[in-house]
Structures are given as structure tokens and as C-alpha cells.
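Please open the model in your viewer and keep the selection tool at hand.

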Amino acid sequence: NGHSPLAPLYHYWRTGDVRFLRCAERSAQYVWDVQLSKSETEQGRMFHTRRHLFDELDWIHPRYQRATGILVSSHVMLNPIMRREAVATIRSFHEHMFDDQGIPHAWDKTRHLRGELAGVDTSNFMEALSYCYRESGDRQFLDWGLAMSKWTAIRFKERGRVKNDDWNWNLSNYVLRGLVPLYETTGDAGVRELAVRVARATLANMSPN
């Protein structure tokens, strides 16, 4: 997904082998040229998942709006246009897919409008919002992220009683992926406390599966 340029880029920094840099550049171009849908209709701009070419599956879903890879790569590749388009995409996606309370929704492909509430696995979207704030300085990205963290806290408190919130280590992974960079960006004590609670609850409920 949108993070794919990071793995070869990290290997380049680790090894100095220019082949990894070339691979990261190709991956970033793929994310920008192919995965980033610049459509202004229906759900608006978004990042496609890896499967939209493989089996024509379109997940119009906040969980898959992963901007970190393309944002970091845009600096290495000296490409401010790529960076601006990534920030614009995350802004547009929030405006289309989140309601006035900052709660994410899925997309109803039949009715062509925002549909039912999304699962808490979408909480990793806070990472994209945090990075877009760092890039743009626009406080609205942080406000959106903090609103999502409060919604995430409610869903964590209600775990086991909400449809599709099958809370396990994988779901915790998505949630922490959003909470940790949001805390690093804001220093918000509530976000930190929630991340610690999620981590402790996950570690206390491990199983052989």
C-alpha cells in the first residue's frame, strides 16, 4: 500500500546500496501515479489498495489511506508536487468520509454516498493525519486526529459489543499505528494513556493463536 516505498528506502539508508534507492523511487512513483486516485467525483481523492489492479477490488476505506511512505519519499526524491498531492488526498478523504463528529464511514457503492460506520481498524488513519500536519502545519489535521482518538477510546471501552470490532493483536496494531504518531506529534496525555491501555490489554490477552 502507500507505505511500500519505506522498506527499500530504509534498506538504502542501512546499506548505502543504490539499488535499494532505485527500488524505493520506483515504488514511490507507483504509489503516486497508480495508487493515488485523483478523482474529484463520488468519494473524491484516495489511495487505492494493492488489490485494485490484481482483482479490481476497491476498498474505499480509511484504513488504507496510508500516506507516510509517499510523504517521506517525496523529500528523498525532491518532489514537492508528490508531497502536496498526498496531503491534499488525505484532506479530501477526511472531508468526504468522516462526519461532523470526526467519525469514519465506509462508502456505499450502490447509493454512491457515505455509508455505515467504519470499524475501529480505521484508527491507523491518525498516522496519516499526523504526518500531514507535520508537512503542512495545518492545525486542522491535528484536530481531526484528536477527534478520532476520542472515538477510538469509546470503541476500546465498548470492545466486544460493537459489530466488526473483533479486538485482537491485529486490531491493536492498527490502533497503535495511529495513536503513537499522534501522541509523538501532539504530546497529548490522553492519547498516550489510551495507547498504553490498548497495549497492556493486548499483552494481557495473548493466546497460542
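Is Arg 177 buried, partly exposed or exposed? The model is a predicted one, and in it Arg 177 has a relative accessibility of 37%.

Glu 127 is buried, because its relative accessible area is 7%.

Next, select Glu 184 and Arg 134. Here, too, a salt bridge is found, its closest N and O atoms being 3.9 Å apart. This pair links distant parts of the chain, with Glu 184 in helix 8 and Arg 134 in helix 6, 50 residues apart. Glu 184 counts as exposed at 56% relative accessibility, while Arg 134, at 40%, counts as partly exposed.

**Second stop: another salt bridge**

Select Arg 111 together with Asp 108. They form a salt bridge in which the closest N and O atoms are 3.8 Å apart. Arg 111 has a relative accessibility of 55% and so counts as exposed. In the whole structure, a search finds eleven salt bridges.

Select Glu 116, Leu 117, Ala 118, Gly 119 and Asn 164, which lie nearest the centre of the largest pocket among its 18 lining residues. Strand 3 (105-108) and strand 4 (113-117) are the elements that give two or more residues to this lining. The volume of the largest pocket is about 340 Å³. Its lining comprises eight nonpolar, three polar and seven charged residues.

Now select Trp 167, Asn 168, Trp 169, Thr 202 and Asn 205. Of the twelve residues that line the second largest pocket, these lie nearest its centre. Two or more lining residues come from each of helix 8 (169-186) and helix 9 (189-203). This pocket has a volume of about 240 Å³, and its lining divides into five nonpolar, six polar and one charged residue.

**Last stop: a surface patch**

Finally, select Tyr 10, Trp 13 and Val 76. Together they form a nonpolar patch on the surface with about 310 Å² of accessible area. Trp 13 lies in helix 1 (residues 6-15) and counts as partly exposed, at 48% relative accessibility.

Key
Residues numbered from 1 in each chain as written. Predicted model: local features only at pLDDT ≥ 70, side-chain atom pairs only at ≥ 80, totals over all residues. Heavy atoms only, no water. Patch = residues over 30% accessible without salt bridge, like charges linked within 9 Å, V, L, I, M, F, W, Y side chains within 5 Å. Areas by Shrake-Rupley, 256 points an atom, 1.4 Å probe, with all protein chains shown as cover. Salt bridge = Lys/Arg side-chain N within 4 Å of Asp/Glu carboxyl O. Helix = DSSP H or I, 4+ residues; strand = E, 2+ residues; numbered from the N terminus. Buried < 20%, exposed > 50% of the residue type's maximum accessible area, 1.4 Å probe, protein only. 1 Å grid on protein atoms, 1.4 Å probe; cavity = no way out; pocket = protein on both sides within 12 Å on 5 of 7 lines; lining within 4 Å. Points joined across faces, edges and corners; volume = space filled by probe spheres on them. Nonpolar A, V, L, I, M, F, W, Y, C, P; charged D, E, K, R; others polar.
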